Amino acid sequence: PPLGERLCSAEEATAGSGTYTRHGFIFSSLAGCLEKRSEDSGLPVVSVVRDAESQLLPDVGAVVTCKVCSINSRFAKVHILYVGSTPLKSTFRGTIRREDIRATEKDKVEVYKSFRPGDIVLAKVISLGDAQSNYLLSTAENELGVVVARSEAGVQMVPISWCEMQCPRTHTKDFRKVARVQPQFLQT
Amino acid sequence: AAGGAYWVDSQQKRYVPVKGDHVIGIVTAKAGDVFKLDVGGSEQASLSYLAFEGATKRNRPNVQVGDLIYGQFLVANKDMEPEMVCIDSSGRSSGMGIIGQDGFLFKVSLGLIRKLLAPKCEIIQELSQLYPFELVLGMNGRIWVKAKTVQQTLIIVNILEACEYMTAEQRKQALAKFSGN
């Protein structure tokens, strides 16, 4: 149904996703396909579906996997690739502010020593963001931070502490805010 | 000798910002509390108005677009925009800041700058016997010269530019011609 079309009376069915109730009738709030599901407990549920699969949106408090695209002395800009363990069809933009990188000693944080462009980072959504649709993310926990990073030589680095990673080929150490991944998620 | 440093000398004209280098920048824009400087690199450098000796929020430095600034890099890497300051780590200016009026700014190769910055550089010693002049050398290949008259300034500029390709003998001959005047 087109947006705003009156679907049916509120006595015949219950409003599902993509619909709303007004003046005793159910209207659609999306332009899409009408779906009617019959529930066991009486009234069927009417919903409007936009795409074949519904887009999974990052919610406040969700852990997301993102890739750093640029850094600044005040914040890091990232592309959100996965929400939990489901990949997103289109990437969202996120921002990690300098004061949200660590939980302790926030004023001594240097963004250049925590993230670099190209790093894969686990972060938590703290706000749905501003008008530019940039989600606000935070890595201020032990389990959050850089998971995969490449050294200048192009080799994947190995974490040696919560703030350092080492390249296995050149043995140079780089500073990153490293995530302490839970043992059950590590694959050997 | 133990504890020495190794470096590879190369001919290069294009400057890449390095942390700690002292360079001459040209102010291109004033954006709020930050000046944008052209230092000859791939990106413009930013300079905060508080990064001058004795600068406070009320006492701002008098910097206009087009001014020359001698400062050093605080942050310079390939991932971020370079940042410059005109004070050292203890808060003193130590020769950095806005370069005064008049004078002449020109560009040379990076190798010549390194030669001129070497201790007891012959070229500078011989030139100083010719006329008195002020000289600022930027590691980004820029030199600023100011002498008493425009003619003297231009003579020094031409000699410095030609030093790139002259041998020591040719340089002494050229200077002998001018010290006669």
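The model is predicted, local features need pLDDT of at least 70, side-chain atom pairs count only at pLDDT 80 or more, and totals for chains, interfaces and linings use all residues. Residues are numbered from 1 along each chain as its sequence is written, chains are lettered from A and ligands numbered from 1 in the order in which they are written, and side-chain values use heavy atoms, with hydrogens and water left out.

**View 1. The contact between chain B and chain A.** Chain B brings 5 residues to this contact and chain A brings 7 residues, where contact means heavy atoms within 4.5 Å. The area buried between the two chains is about 490 Å², and carbon and sulfur atoms give 59% of that area; buried area is the accessible area (1.4 Å probe) that two parts lose on being put together, summed over both. On the side of chain B, 78% of the area buried against chain A comes from B:Asn77, B:Asp79 and B:Met80, more than from any other three residues. Sorted by class, the side of chain B that touches chain A has 1 nonpolar, 1 polar and 3 charged residues (Ala, Val, Leu, Ile, Met, Phe, Trp, Tyr, Cys and Pro count as nonpolar, Asp, Glu, Lys and Arg as charged, and the others, Gly among them, as polar).

**View 2. A:Thr139 in a loop of chain A.** A:Thr139 sits in the loop between β11 (134-138) and β12 (145-148) of chain A; strands (E, at least two residues) and helices (H or I, at least four residues) are DSSP runs, numbered from the N terminus. Is this residue buried or exposed? A:Thr139 is buried, because its relative accessible area is 0%, and buried means under 20%, exposed over 50%, and partly exposed in between (1.4 Å probe, protein chains only). Leaving aside residues up to four places away in sequence, A:Thr139 touches residues including A:Ile96, A:Phe115, A:Leu122 and A:Lys177.

**View 3. Paired strands of chain A.** Strand β5 (residues 33-37) of chain A has 5 residues, of which the number buried is 0, so this strand lies largely in the open. β5(A) pairs with strand β6 (residues 45-49) of chain A in the antiparallel sense over 5 bridges, and two strands pair if DSSP finds at least two bridges between them. Within this pairing, A:Glu35 has A:Ser47 in β6(A) as its bridge partner. Elsewhere in chain A, 3 strands form an open, antiparallel sheet in the order β13-β14-β15, and its edge strands, β13 (158-159) and β15 (173-175), each pair on one side only. Strand β14 (residues 164-166) of chain A is joined to β15(A) over 3 bridges, and A:Glu164 has A:Phe175 in β15(A) as its bridge partner.

View 4. Most residues other than glycine have a negative phi. B:Ser94, in the loop between β5 (83-85) and β6 (97-99) of chain B, has a positive phi near 40 degrees and is partly exposed, with a relative accessible area of 48%. B:Lys120, in the loop between α1 (110-117) and α2 (122-130) of chain B, also has a positive phi, of about 55 degrees, and counts as exposed because its relative accessibility is 74%. In α1(B), B:Leu110, B:Gly111, B:Leu112, B:Ile113 and B:Leu116 are buried, and the buried residues of this helix pack against α2, β8 (133-137), β9 (142-147) and α3 (150-162) of chain B.
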